[in-house]
Each structure stands twice: as structure tokens, then as C-alpha cells.
Amino acid sequence: MTDTSATPAREGNGEFLLEAKNLKVTFRAPGGRKLHAVDEISLGVRPRETVGLVGESGSGKSTVALTLMRAHEPEGGKIIFDGQDITHLNYQELMPVRRRLQMVFQDPYSSLDPRWSIRRVISEPLKAHRYGTRQQINDRVAELLEQVGLPPDAANRVPSQFSGGQRQRIAVARSLALQPTALIADEPVSSLDVSIQAQIINLLRDLQDRLHIALLIIAHDLALVHQISDRIIVMYLGEPVEEGPSDEVVGRPQHPYTVALLSATPVPEPGGDRKRIVLTGDPPSPIYRPSGCRFHPRCPIAQDKCRAEKPPLKEIAPGRKVSCWFAGQMDAPRDLWALKDVPLPPGVEAARRPGQPS
Amino acid sequence: MSVATEHEHLGTGKSDAKAGETILDVNDLVVEFPRPGQPTNFRAVNGVSFELRQGETLGLVGESGSGKSMTALSLLGIVPAPGKIIEGSINLRGRRIDNLPVNELRKVRGNDIGMVFQDPMTGLNPVRSVGSQLIESVMRHQNVGKKEAVEIAYHALDDVGIPSPRERLEAFPHELSGGLRQRVMIALALINHPEVIIADEATTALDATIQAQILDLFRSRLSKATMILITHDMGVAAEICDRIQVMYAGRIVESGTIEEVLTSPRHPYTVGLLSAVPKFDIRRPKLVPIPGQPPTAEDIVRGCPFAPRCRFAEADCDNRPPLEIQNGRLLACWHPRHASEQ
């Protein structure tokens, strides 16, 4: 832990590189109503750690990303980066932060200017931050292209000459140009074909191993997030509902929504009569949110209490949080593939389905 | 390696238990698009042959540009211009439908083949109520009056699990959620009891929990339907298909029962696709990507289209491998994989 007495201005407990505290983001909806995009989410990403933020559309996960980047103004809460409260920094003050905190966007077709050469795309952040001479910039571009697995002559071409996967490599190269210590990737592979997704996921994993960056991955695909994250936060309707180490969240889900999400993921395995938890209805509107637990209208195990009272996000074990009055009481389907043939960490096996023969 | 006869090309033999008579028979279908400034055309569909039998759900699985959607559009006679079917035939219950005049084709769409598109926002008319679109389709294809058509429309919505269907007849597409809109699309595709249903990425645009609802509807409502499901997601195909055909660069590269293809894929591309998908495995093995990219419309493909990305490619892959039965499996590969060497 950091010695706070030596640097009295430091915010946060020093454990996290990027941290959000009780972040709250609202938008104005037609008719003067409030749209609660993100409500009271706290998260932290340690140096070199990968945290996955999972949720469906409208869960607020992308709003969290953009707010951390200071593209949206939060209504409440704090954003702390490397011990500094950046919630209210102005443009000038943010410049040094932006050098170390970068972002990769979902769609490499719209995030790259179609008329710019790749050299210009990748060198733009370098120029904006006065990296060095033209020669130094060109050398850095060449180095970055190599890091993301593209040939040096790619620098002279334009985005339309590249496929989606290659464009995403270019976007990653641009985000790494200033040697950030933290990277936020919002659905970095969801617009890519399956065979290409794995290339980009592996690239992010390799780069993280080599460059020791902290990574916040935002995605709707729980299997993909599990694949690369150390910890997972599951969001529903703007709020975190479950948080914990990846294997714990996937191997021993506590919130009924997480169980349903796991069970809803299609599996490339035969066995057509797989049992499945199918939630009824749609996620409610973030303008007219349900009372009590936001998930209760769709929850298979909701009780009266859930309709009346909102469950707090409670820490049930170190680093393991759930917001549910009946956490752990909804069994994952017995044949849920996530649990089926996979050796679970010690302790999980015994605890995962009380009262059921294994 | 056995060389298959023309007839063996078309079936896999394994799913006979469920499959009935042949409903749809596609033979050596070729769809071409002109390549601006180049002498040769781009073959979006390059010699595709398959049979669809009564009561089976056939999955056409492939990535973007594999020709799976274009194959489906050919069946409905709606290949977008300047694309054209230039070779092959499509027979529906023995009747050739690929060369029909437009007014005859219109009867085929809806009456004989119903289509569920990926994006219900573009598949439905945004300025007309759900009810009026259903009623129009019923009155055009069935010999009934308005009153009866309204009842049929009501039951169609009820049938696909839309709550308060009477009120929903008045609703406009934008007033419905994505999941409900997709249910309306399905109701519209089913309303005239078509013989064949084609679902093109019908759940791709939906969230996981809503996708699960629609897959559930497919399983309960359409388990006996004769259906072609087009998807890029092997997981979705595994949920509802009896048989899968994997497409790559306009060709079928592997075909078999869902069990065969998923548990012992033989074509290196199928093997690659399955190992590229993250699985909930706590050991978290590194994903195995397929290197490179699929050929684009600009590329001239000679020989096996997958060879440039294939770990097992050899000199003979410069020749195009035919789709033929090898050890009981339908494959287009000179060097198929076996369970032990994947």
C-alpha cells in the first residue's frame, strides 16, 4: 500500500490504478425525466490487472467507460486515476492523465478516419502530446505496428485497405502509442468475425503481459470476459449486481441475473435438450426503473421483500460482492456447461450445489 | 477416400431418423457479382448443393462473406442487384423456382418460404402497424376476408408468445422492444404456413437473455418445422439445428449432423472456428485464432479457399477439393483432420 503521509494529496487507497467511487451518471430524457444510466457503481482496476465489466445493452457499461474517460460528466461520485482525483479536471489538467489512460472503441470502421493514412492515425496522439521529432514519431509508429502484428508498410495505407480485425489492431496500436498504464476497451471484438476475435483477444492478453497495463474490458459476452479477466463485475440497469474473481463469478454465480446470463449463453456443444433459465420480459427502462431490486420483475425467485426494498451490494467474502436478498439461492441448471466438465477450484466443487448429487 | 456420386453429394445419411422427404433441393448454385474494373466476377456463392428434408432444421454456419446469407436470398429470388444466379437450380418439392417470373416468385415467398430477417427494424415497415402488415400478408396469400384475417393475425401473435396480442395489433414496430419485434417477424414469416422457414441471423442483434427467449420459441414452436437457420454462431446452431453445413468463401466445406460436426469436426476451418470461441473453462486455455483473414471480394481464389490460412495445407491444396463423402462425412478438404490429430 502507498504511504499516504508522504503524498498527502493522493486520493484512494493506493491499491487501484483506476478507480470509480459511487459513480452516478444521468441523462435528461424527453419530458424532463431523468435517465439513470449509471447508479452508484464503484470499481477499481489494479496495475497489471484485467477487470471485465459485463452487461446487456442499456446496462450502463459503456457509459461507465466513457465517464471514466471524462467524456460524460458524472452527476455524483469520484474518478481516481493513479492517486489523483480526476473527476473535475479541466481539459489542460487532463492532458497528462490522457497520456496514461487510453481507450479502444468497439467499431474500428468508425473509430479511424477513413482519409487518414495509418501513420497519421497512430501518430496523432504522439503529436498531440509532443512526443518528439518526426523521425522519432515514425520510429515509434513502426514499433507499434510491429507490436500489434502489422507489416511496416501498413503505415502508408488508409483504413479501407484493411479488414475489420486489422483495423482493430491499428486502433490498439494508436491506444498504446503514449505507453499508457491503463487501457479501457469497450466491446473490442464484438464487431469482428469469430475467427478474428480470438486474434484480438490474444493480442490484448500478450500486450498486457509485455507492457504491464491495467485493462478494463467492457463486453456483453460473459464467456469472452471470463477468458481474459481476473475479476468480473456484472451490471444490470446501471447498477453492479455481482462482483468477484472471474472463476468465482462464473463457477459459483450468486445473483440470479448472473445465473440466467450464464445459462443464456449458447454453447457450441451438442445436446439439444439442455435445460435453461429463460428470463421473461425485457430489461426495464432506465427512465422508469422498478421499485426495490431492479431485477425483481424478471427474477425467477423474487419475493415481496425484493419488490419493496433495494438490496445493498454486500461483500460476502473478500472481493466478492452481491446485491441480492437471496444471493446464492437460485441454483444454476445442473447441466450448465460452465460447471459441467470443468475442474473447479478447491472449495467450489463442494459448495456449488448444496443438496444435489453431483 | 471414396469418390461420391452425384446423389451422395446431397445427403449425409446420418440424420435419416428424423428427416423425411426432400422439400428443397439446391444444385450447384452459383451467384456472381461484377467486380468493378476487373474482367472476372466475384462468386459470392460458388457451387453450393444441398437438400433440405421435411421436418429438419439445417444450419448454414459461416463468417461474414462466406455466402450463407446470399444462399438464403437466392432461395427467395431476392439476390440484390447487380448480383445474379448464373448457374444451378433450386427445386421446391420438385418444382424449379429459381427461374420463375416475378409474380410467381411472390407467391413462393410467404406461401412456400417464410423468411425471418436479422434486423426486425428493417424487416418490418416502420410506418405501418404490426396488425396491418400481418393482415396484408394473410389477405394476399390466403383466400380470406378482412375480418377473418384479423383473427388469423391475432392468433399468429398469440402463437409466438406476444403478451396482449389484441392490443399489439395496433402497435407500430418502434413501440415494441427488440425481442417483441423479432417475435412479430417470426409471426409474419409463419402466418401463411410456409413449407420452409429461413431464419437469417434471427437472434444476432438481440441481447443474451432475449436471444435465449427467441431460441426457446424456436425450440417449442418450430421444432417440427422445415427450417434453414443462418448464423455465424456455432453455439446458436447447436441449440436448434439437426444438421450443419459450414460455409467458407462461397462454398460448403463441411456438412454433417450437429453431433458429428461439433464433436469431431474434420475440416480444418471447422476445427479452427470451434477452437477460436472462448469457453467457460477455468483452466482458461489460450484461444487458438485462425491466422489471416478470409478472402474478400477482390481476391481471386484458386484451389482450396482456406489453404492460405490452413496449418495443414500442402501442395495439392492448389487444386479445389470437391465436396465429397470421406469416411462417411461430407467434406471439401484434401487433408481432413481426425479426432486424434486436432
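I started with what a contact is: two residues are in contact if their C-beta atoms, placed from the backbone, lie within 7 Å. A note to myself on the ground rules: this is a predicted model, where local features need pLDDT of at least 70, side-chain atom pairs count only at pLDDT 80 or more, and totals for chains, interfaces and linings use all residues. Residues are numbered from 1 along each chain as its sequence is written, and chains are lettered from A and ligands numbered from 1 in the order in which they are written.

**Where the chains meet**

I looked up the contact and found 41 residues from chain A and 40 residues from chain B. For the elements I used DSSP runs, numbered from the N terminus: helices are H or I with at least four residues, strands are E with at least two. On the side of chain A that touches chain B, at least two residues each come from α6 (194-211), α7 (222-228), α8 (246-251), α9 (256-264) and α11 (337-340) of chain A. Which helix gives the most? That is α6(A), with 8 residues. I sorted this side of chain A by class and got 22 nonpolar, 13 polar and 6 charged residues. Here Ala, Val, Leu, Ile, Met, Phe, Trp, Tyr, Cys and Pro count as nonpolar, Asp, Glu, Lys and Arg as charged, and the others, Gly among them, as polar.

Chain A has 12 helices and 12 strands. I counted a residue as buried if 20 or more other C-beta atoms lie within 10 Å of its own, exposed if 12 or fewer, and partly exposed in between. By that count, 47% of the 358 residues of chain A are buried.

Next came the nonpolar core, a set of buried Ala, Val, Leu, Ile, Met, Phe, Trp, Tyr and Cys residues joined through C-beta atoms within 7 Å. The largest one has 188 residues, and L18(A) and I228(B) have the most contacts inside it. Leaving aside residues up to four places away in sequence, L18(A) touches residues including V45(A), F81(A) and L216(A).

Most residues other than glycine have a negative phi, and most peptide bonds are trans. I noted N22(A), with phi near 45 degrees, in strand β1 (residues 18-28) of chain A. Is N22(A) buried or exposed? It counts as exposed, because it has 12 C-beta neighbours inside 10 Å.

A249(B) has phi near 50 degrees and lies in the loop between β9 (243-248) and β10 (251-257) of chain B. With 22 C-beta neighbours inside 10 Å, A249(B) counts as buried.

My last entry is a cis peptide bond between A81(B) and P82(B), with omega about 5 degrees. I found P82(B) in the loop between α1 (68-75) and β4 (84-92) of chain B.
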